[in-house]
Number of protein chains: 2
Amino acid sequence: MVNIGLIGFGTVSAGTVKILYNNISRIEEKVGTKVKIKKICDQDITTPRGVRVPHELLTTDINEILNDPDIDIIVELIGGDATAKKIIFSAIKKGKHVVTANKAILAKNWDSIFTMARKNKVLVYFEASVGGGIPVLQALNEGLAANRIESILGILNGTTNYILTKMTKESKSFKEALREAQREGFAERDPSLDIGGIDTKQKLSILSSIAFGSWMKPDDIYCEGINHIEQQDIKYGREEFGYILKLLGINKITKDKIETRVHPTFIPEGHLLTLVDNEFNAIYITGDAVGETMYYGKGAGQMSAASAVVSDIIYLARHVANKTAGNVPYVHYDRKKILYINSMDNVQTKYYLRFTTVDRPGVLAKISGILGKNKVSIASCYQKERAVAKEVPIIMVTHKATEGNMRKALREIDRLPVIKAKSKLIRIEEDS
Amino acid sequence: MVNIGLIGFGTVSAGTVKILYNNISRIEEKVGTKVKIKKICDQDITTPRGVRVPHELLTTDINEILNDPDIDIIVELIGGDATAKKIIFSAIKKGKHVVTANKAILAKNWDSIFTMARKNKVLVYFEASVGGGIPVLQALNEGLAANRIESILGILNGTTNYILTKMTKESKSFKEALREAQREGFAERDPSLDIGGIDTKQKLSILSSIAFGSWMKPDDIYCEGINHIEQQDIKYGREEFGYILKLLGINKITKDKIETRVHPTFIPEGHLLTLVDNEFNAIYITGDAVGETMYYGKGAGQMSAASAVVSDIIYLARHVANKTAGNVPYVHYDRKKILYINSMDNVQTKYYLRFTTVDRPGVLAKISGILGKNKVSIASCYQKERAVAKEVPIIMVTHKATEGNMRKALREIDRLPVIKAKSKLIRIEEDS
């Protein structure tokens, strides 16, 4: 018999209970023994959750779970930072295995969590922390174990993908799309962690730490959100150049250094990632042996996240039943291994640029002169809606250039008197 | 120390050796102990394979591997039927774990292989048998373990997908595209197993047996290949209706019965599967909790298949090192569980139809009359290139109808004197 203690009885937790109740016979067949929810802890144990649980299962006292010697697996689903961290660390120290969906805590405490887990011979599983129900962490950690990972491109955040989809397909403004996402339950009232790219950064940190066998700290990842994205750039990018805008988390190995960055990215139509819409997520992973692969599914939602939590429970429970849990760590990494991160200045991409200029002869010559001087070469260029207003947008796509040169050129261009607003820059990914 | 014996030293096997040699330190870290190739058996041990192996590793005598008590894992990569089957069964009986890519043997002997494996407490892993390097079997078996699988749509065969891509994107005829596939190494000299759909059927049998927890015999799967596909239907389907043609393996649960079928299928543009081109494969899986998911990657090729073989080896070797291999079977299924298969006559889809008729008034009325009588209702209809030739094609898309009614109507229509060639039928999938 494997006993489970659930901490937090919110949406995902209630979904987890639903699956465990409805599919118990199939799940026990997979585990090879009985699986039982022994306790559920939450501050609020009276509000209905859409699933019936016997009243004696519920408690408001966390210690009833942490100190119960019969409980083998603790499922932490309270979210947030401080308390959840205490619970995870305390569970590990008490020799209990942990399932969590808490990407923030994992990304920020990777080293201490897995060092402590190894020391205490417990397993920490966290499939639901990245990509909702998509079993991408298992794929990366085990299915692609034979590979040296060469790149990861991920649409990792359902909120921003929903907003960008509405802006692309329904020509909504950022504000309108955000408001709709909030109305539909795809964005929180304070959406800053999502639209600022922080959530994507934490998930990329987890993917990277698995892929490269050492902790990729969130602070080492360049991060830019979608707050500054305007409808016109989505429109120009698509109509003039055939690009679709997505917020991507990107890792690439170039010359043994790792590029690691989160930013809005133009991708050419026809690439699989351009069809990943609304709350869906997808992770495009290239390995040296397997080549290109992709994993797609819902990145948010009660039941998809619960699907990942329960698959972790099944996996772990099987180890517990076999008395093998903790013999080999789930995540293999080397504390001493140094990840050499390529500085953002050296990263090379193509760029989409939009300049807001006065409508006067010689402006384009000035801009392209400064770009050329900084080794940025123009691939194509449009001057839009000439002479309608006093200010005209010039949009262009460059060949590959380093970020350092590009920024230097933009700073210089933005100082020109003919430039009427801060120039816009969106990076382009075309290689994979 | 975990010892491996490789049987068969062809392309995938050489790729497996390459990965094991090049990435050995990372692999051993994941396994938690030393991993060694102890013997490689092939009839031909002189032809170079593009990888250097010590000569004492090579043998032509299979028993040097099967009877070596130090060898824990046997990797069967000789392909074909009779000998490979003997090797797999003999290895299992001798208590050795098996890694194989042999979809034909697995699909045809599922029951006896896994019954015997359970009895002998050994594990049989076979990730490379479906979807090349895509870790889809692990995803289905473990990552989605919490789910009741509702449907599977798979592009499972690289050869036919390459041919259909060439027919779609370069307007080639079936014969031209097949010849090109053969030239490029994507089709064998005798391509009948691929283009006839047999390979897809075997892979669907494996996916189904995992998904539904009981053996889905290949003979229970309806199977139609792409041999009869003409360029004009690909063109009409795309230009008139926005459909792309793919050979799909399909499973769907409808009213507790399973539909299971392999046939060329029109999918609407904008669906992810329509962007899966050339030798790539993708498997679109819907679960009751997780919703829609997709797994994408190369379905063929030395290194992608070797990637899957090595991930199986790593996984198994870890169990061997832990002395836990075989405690719990990898595949959980119930011999006594009966799969209720929906007869093809009761399956409902939309249909694309092409009739070759004489150009005479009243023909369309006759055809639609017969369709209507058989409860097939027309969604849209085009009469192409009227009056250029004496024979004119009428193409149409129907609403959903049962296959039984559709076939009955077609038989009746094909008996009309105004019909000049056997009418063409291609099924359409639009729901997922």
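Q: What makes two strands a pair?
A: DSSP must find at least two bridges between them. Strands are DSSP runs of E (at least two residues) and helices are runs of H or I (at least four), numbered from the N terminus. This is a predicted model, in which local features need pLDDT of at least 70 and side-chain atom pairs count only at pLDDT 80 or more, while totals for chains, interfaces and linings use all residues. Residues are numbered from 1 along each chain as its sequence is written, with chains lettered from A and ligands numbered from 1 in the order in which they are written.

Q: How do you know that β1 and β2 of chain A are joined?
A: 6 bridges link β1 (2-7) to β2 (35-41) of chain A, and the two run parallel. A:N3 has A:K36 in β2(A) as its bridge partner. Given the rule of at least two bridges, β1(A) and β2(A) therefore pair.

Q: Why do β3 and β6 of chain A stand at the edges?
A: The open sheet has 6 strands in the order β3-β2-β1-β4-β5-β6 (chain A), with parallel pairing. β3 (58-59) and β6 (124-125) of chain A each have a single partner strand, so one side of each lacks a neighbour in the sheet.

Q: What joins β12(A) to β12 of chain B?
A: 5 bridges do, and these strands (291-298 in chain B) run antiparallel. A:M294 faces B:Y296 in β12(B).

Q: Which residues count as touching across chains A and B, and how many are there?
A: Contact means C-beta atoms, placed from the backbone, within 7 Å. By that rule, 45 residues of chain A meet 45 of chain B. α12(A) gives the largest share of chain A's side, 9 residues.

Q: What makes A:V309 stand out in the largest nonpolar core?
A: Such a core is a set of buried Ala, Val, Leu, Ile, Met, Phe, Trp, Tyr and Cys residues joined through C-beta atoms within 7 Å. Buried means 20 or more other C-beta atoms within 10 Å of a residue's own (12 or fewer is exposed, in between is partly exposed). Of the 284 members, A:V309 and B:V309 touch the most others. Beyond four places in sequence, the contacts of A:V309 include A:V12, A:V75 and A:A128.

Definitions and conventions. Two residues are in contact if their C-beta atoms, placed from the backbone, lie within 7 Å.
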